[in-house]
Amino acid sequence: WWEQFSDVLEEMGFFPSKAEKDIWMRDKGDHYEYLVVYVDDLGIASKDPQGIIDELQGKYKFVLKGTGPIKFHLGCDYFRDSDGTLCFAPKKYIEGMIQTFNRHFGKNPRGYQSPLEKGDHPEADTSEELDLEGIQLYQSLIGSLQWVIQLGRLDITTAVMTLSRFRANPR
């Protein structure tokens with residue numbers, strides 16, 4: 001599918017970015033159009049995205065679902081602010097993580113004012129090691145938090161990376 005779609009994009013005048021082969025560009029003279037491919041999801045940045053959609057569906061017979069302004073993609077909410085600027089935030093993804101935490105622990109996680117709690121030294125923890133189910137939950141929570149960092153929550157990087165050091169043998 002990817003090879004066929006790549007051939008179509010090239011025929012349409014797009015070329016892949018040198019930095020990332022799944023980001024496609026097309027020079028329109030006074031601006032560039034961008035098309036991002038993630039497995040079978042597309043993101044289009046263009047003055048006329050509907051024109052690209054119409055060409056993919058009409059001329060090339062691709063079946064596209066959920067076309068229209070981007071609202072949610074790969075765990076991130078997209079919205080426009082009062083000035084019309086496109087913004088993104090992983091709000092729904094984080095809300096889902098909080099629900100998962102609550103399901104497992106019966107309460108919501110506590111909020112903190114800084115990336116690391118004062119006086120916290122997880123490397124000095126001598127409590128009992130987690131069982132297999134606990135290890136899997138710990139690794140899942142760390143993986144989810146790492147994705148939140150990728151989605152722009154850089155403020156939690158230090159805490160998550162500190163806790164990530166203990167993925168193989170958490171307590």
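Which element gives the most to the lining of the second largest pocket? The structure is a predicted model, in which local features need pLDDT of at least 70 and side-chain atom pairs count only at pLDDT 80 or more, while totals for chains, interfaces and linings use all residues. Residues are numbered from 1 along each chain as its sequence is written, and side-chain values use heavy atoms, with hydrogens and water left out.

A pocket here is an open set of points on a 1 Å grid over the protein atoms alone, where a 1.4 Å probe fits and protein lies on both sides within 12 Å along at least five of seven lines, and its lining residues have an atom within 4 Å of a point. The second largest pocket holds about 1,000 Å³ of space, and of the 30 residues that line it, Leu-42, Gly-43, Ile-44, Gly-66 and Gly-68 are the closest to its centre. The answer to the opening question is β4, with five residues. At least two residues of this lining come from each of β3 (32–38), β4 (41–45), α2 (49–58), β5 (72–73) and β6 (76–80).

The largest pocket contains about 1,600 Å³ of space, and among its 39 lining residues Phe-101, Pro-109, Tyr-112, Leu-145 and Leu-163 are the closest to the centre. Two or more lining residues are given by each of α3 (91–105), α4 (132–150) and α5 (157–164), and α4 supplies the largest share, seven residues. Helices (H or I, at least four residues) and strands (E, at least two) are DSSP runs, numbered from the N terminus.

Methods: Grid points are joined across faces, edges and corners, and a volume is the space filled by probe spheres set on the points.
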